[in-house]
Amino acid sequence: IGNLPRFENVEDGMKALCAIPGVQVIVHTHIFNKEAGAARKKWLEKLRKDTGTNFKIDVCIGESKKTLDKVDVTIEDNINNLNRSHAKIKFLVRRAHNRDFGVLDIENADAAFVVDSFYDAVEILASIKEKSLAFA
């Protein structure tokens, strides 16, 4: 995983996301075994260092998927994980494996978006935050 290239604009998106006032960023990821989990954590720590940001890393290891209960926003590329989320605002990042899903497939959200990239999700989120449409 350490040699895998990052998706386009991930660094800029993470910097922009962490710069939104009042936003706490948690990168939550699930992996089935400890070795891969350690590699993913290291990869995320490098991303954090490279971007000069201070997002929280939450690597869940094991057979069952865990969702964070208290989040306002979820940005995800897996429709099943997105629909398990308790977030009020949900973003489905378009990838080859989810191209058959649209905004109507996103369940239990006050606002739902399908975006082409993580960076696009961050731009929309920044606009929502600026307009104070969804944050307490």
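Predicted model: local features only at pLDDT ≥ 70, side-chain atom pairs only at ≥ 80, totals over all residues.
Biologist: Which residues touch the most other members of the largest nonpolar core?

Modeller: In soluble globular proteins, nonpolar side chains tend to be buried together. The largest nonpolar core of this model has 19 residues. Those that touch the most other members are Met 14, Leu 17, Val 25, Val 27, Leu 47, Phe 55 and Phe 91.

Biologist: Which helix gives the most to this core?

Modeller: At least two core residues come from each of helix H1 (10-19), helix H2 (34-51), strand E4 (89-93) and helix H4 (118-131). With five residues, the element that gives the most is H4.

Biologist: Which residues does Leu 17 touch, not counting those up to four places away in sequence?

Modeller: Leu 17 is among the core residues that touch the most other members, and in H1 it takes part in the meeting with H4. Once residues up to four places away in sequence are set aside, Leu 17 touches Val 23, Val 25, Phe 118, Val 122 and Leu 125.

Biologist: Are H1 and H4 roughly parallel or roughly antiparallel?

Modeller: Two packed helices are described by the angle between their axes and the distance between the axes. The axes of H1 and H4 come within 8 Å and cross at roughly 20 degrees. Because angles under 35 degrees count as roughly parallel, H1 and H4 are roughly parallel.

Biologist: How do the residues of the contact of H1 with H4 divide into nonpolar, polar and charged?

Modeller: From H1 come Val 10, Asp 12, Gly 13, Met 14, Ala 16 and Leu 17, which meet Phe 118, Tyr 119, Val 122 and Leu 125 in H4. The residues of this contact divide into eight nonpolar, one polar and one charged.

Biologist: Why does Thr 29 count as buried?

Modeller: Thr 29 is found in strand E1 (residues 26-31), and, leaving aside neighbours within four places in sequence, Thr 29 is in contact with Arg 40, Leu 44, Asp 58, Val 59 and Cys 60. Buried means under 20% relative accessible area, so Thr 29 counts as buried at 13%.

Biologist: How far apart in space are Lys 66 and Thr 29, C-alpha to C-alpha?

Modeller: Lys 66 lies in the loop between strand E2 (56-61) and strand E3 (73-76), and at 39% relative accessibility Lys 66 counts as partly exposed. Leaving aside neighbours within four places in sequence, Lys 66 is in contact with His 28, Asp 58 and Cys 60. Lys 66 and Thr 29 are 37 residues apart in sequence, and their C-alpha to C-alpha separation in space is 8.9 Å.

Terms used. Residues numbered from 1 in each chain as written. Heavy atoms only, no water. Core = buried A, V, L, I, M, F, W, Y, C linked by side-chain atoms within 4.5 Å. Buried < 20%, exposed > 50% of the residue type's maximum accessible area, 1.4 Å probe, protein only. Helix = DSSP H or I, 4+ residues; strand = E, 2+ residues; numbered from the N terminus. Contact = heavy atoms within 4.5 Å. Axes fitted to C-alpha atoms, helices over the stretch in contact; angles between N-to-C directions. Parallel < 35°, antiparallel > 145°, perpendicular 65-115°, else oblique. Nonpolar A, V, L, I, M, F, W, Y, C, P; charged D, E, K, R; others polar.
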